[in-house]
Structures are given as C-alpha cells and as structure tokens.
Amino acid sequence: PVPYLILTHNSSDTAVSIACWANLTVTLPVSAKTIDVNYAEPTFITNCPGVQATIKRLLGQPSGGAFQTGINQVCYEAYNECGNRDTCCFNVAVLE
C-alpha cells in the first residue's frame with residue numbers, strides 16, 4: 001500500500017499531519033458473512049514543541065476487525081496539545 005499525506009497548519013506553525021494507507025480490497029470467503037482484515041495504522045507527526053501527537057480511530061473497524069460485504073470506511077484523527085488536528089480516511093472493500 002502507498003500512503004498519502006494530508007498536512008494541516010495553523011498560524012502558530014505547530015502542525016500535526018497524518019497519513020492513511022491506500023484503499024484495500026478483499027474477497028469474502030465462501031459462506032462467510034465477515035472477514036477479518038489487517039491493515040497498518042496511519043502514521044503521524046507533529047512539530048508541537050516537546051509533545052507527541054495522539055491518534056484515535058473515529059470510524060470503522062480496527063485492524064484485525066470483522067468487515068462486512070460492501071465498502072467500509074475507516075477514519076483516524078491525529079491531534080497534538082497545541083490544538084491542531086488532522087484526519088484521514090480509507091476504504092476497505094469486501095467483495096463476495
């Protein structure tokens with residue numbers, strides 16, 4: 001997978017950025033209703049002095065979670081203590 005990077009800056013120049021992986025496509029096993037899908041969590045960086053950014057999942061299944069047939073969106077947010085936030089999303093397509 002190839003990550004893409006979204007940068008967010010504010011006037012104090014203490015940005016946080018997060019990069020999600022490309023969309024995934026998997027095929028559901030015969031007679032299964034869900035499939036467990038593993039993916040790499042997004043990468044993130046910040047230049048907020050002396051503080052690491054925090055990441056949290058906003059939407060969708062975690063890595064290793066059971067995904068249903070269809071398009072399943074997964075979104076993450078990174079934020080720092082300087083008040084900056086950035087989000088990224090990707091899709092997990094589950095085919096029958």
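Which residue is the bridge partner of Leu24 in β9? The bridge partner of Leu24 in β9 is Val92.

This is a predicted model, in which local features need pLDDT of at least 70 and side-chain atom pairs count only at pLDDT 80 or more, while totals for chains, interfaces and linings use all residues. Residues are numbered from 1 along each chain as its sequence is written, and side-chain values use heavy atoms, with hydrogens and water left out.

**View 1. An open sheet of 4 strands has the order β3-β9-β8-β6.** Strands (E, at least two residues) are DSSP runs, numbered from the N terminus. Two strands pair if DSSP finds at least two bridges between them. The pairing in this sheet is mixed. Because β3 (24-27) and β6 (54-59) each have a single partner strand, they stand at the edges, and one side of each is left without a neighbour in the sheet. β3 and β9 pair in the parallel sense over 4 bridges.

**View 2. The largest nonpolar core has 16 residues.** A nonpolar core is a set of buried Ala, Val, Leu, Ile, Met, Phe, Trp, Tyr and Cys residues joined through side-chain atoms within 4.5 Å; buried means under 20% relative accessible area, exposed over 50%, partly exposed in between (1.4 Å probe, protein chains only). Among the residues with the most contacts inside this core are Tyr39, Phe67 and Phe90. The elements that give two or more residues to the core are β2 (16-20), β4 (34-37), β8 and β9, and β9 gives the most, with 4 residues. Leaving aside neighbours within four places in sequence, Phe90 is in contact (heavy atoms within 4.5 Å) with residues including Cys20, Trp21, Tyr39, Val74 and Tyr76.

**View 3. Asn80 lies in the loop between β8 (70-79) and β9 (85-95).** Asn80 is buried, with a relative accessible area of 5%. Its side chain makes a polar contact with the side chain of Thr46 (2.7 Å). A polar contact is a pair of N or O atoms within 3.5 Å; within protein, one must be able to donate a hydrogen and the other to accept it, and residues adjacent in sequence count only if both atoms are side-chain atoms. A polar atom of the Asn80 side chain also lies 3.0 Å from the backbone nitrogen of Asn84.

**View 4. Ser31 is in the loop between β3 and β4.** Ser31 is not a glycine, yet it has a positive phi of about 70°. Ser31 counts as exposed, at 76% relative accessibility.
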